[in-house]
Amino acid sequence: MISLKVIARRLDYPEQVLFHHQQAFVDQATVLVTLRAKSDSLDIPFTSVEVPDERVSLDDAVASYLFNSQLLSKPDGKMLIVVPEECRQRENVWRYLSDLAADSASPIDEVAVFDLRESMRNGGGPACLRLR
């Protein structure tokens, strides 16, 4: 049987990034410690990008479809986040994403926006982003 460690090395992921809201998990601190420990035991780098509630409320995250976004690895080792147009239309969400991309400590250094309203109306969801 192939271990997760071997699979991760075969896939050659430079980093595993969890993009999530501050209120995403019950007992979030414990969840993140557990994920980090499991990743460390498999020798897989892990980064948590936590969206603070004071920057983006849960209501704004839902309304903007922020977590229907997709992270893509770039050749330079950084990441691009692909987000729906609704993220740009909500000032606080767009400001957060712009600040995130400008932060040199962030694994995400670029934001791409797509208008997915028609796809979303037709039942699209996260798969819409992969089709663009």
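H5 lies across S4 and S5 and runs at about 145 degrees to S5, where axes are lines fitted to C-alpha atoms, for helices over the stretch in contact, and angles run from 0 to 180 degrees between N-to-C directions. Helices (H or I, at least four residues) and strands (E, at least two) are DSSP runs numbered from the N terminus. This is a predicted model, in which local features need pLDDT of at least 70 and side-chain atom pairs count only at pLDDT 80 or more, while totals for chains, interfaces and linings use all residues. Residues are numbered from 1 along each chain as its sequence is written, and side-chain values use heavy atoms, with hydrogens and water left out.

**The helix**
- In H5, the residues Asn92, Val93, Tyr96, Leu97, Leu100 and Ala101 are buried, meaning under 20% relative accessible area with a 1.4 Å probe, protein chains only.
- These buried residues pack against elements including strand S4 (79-84) and strand S5 (108-114), with contact meaning heavy atoms within 4.5 Å.

**The sheet**
- Three strands form an open sheet with mixed pairing, in the order S3-S4-S5, and two strands pair if DSSP finds at least two bridges between them.
- Because strand S3 (70-73) and S5 stand at the edges with a single partner strand each, one side of each is left without a neighbour in the sheet.
- S3 and S4 run antiparallel and are joined by four bridges, and Ser73 has Met79 in S4 as its bridge partner.

**The core**
- Among the 17 residues of the largest nonpolar core, Phe19, Val56, Leu66, Tyr96 and Leu97 touch the most other members; such a core is a set of buried Ala, Val, Leu, Ile, Met, Phe, Trp, Tyr and Cys residues joined through side-chain atoms within 4.5 Å.
- H5 supplies the largest share of this core, four residues.

Definitions and conventions. Buried < 20%, exposed > 50% of the residue type's maximum accessible area, 1.4 Å probe, protein only.
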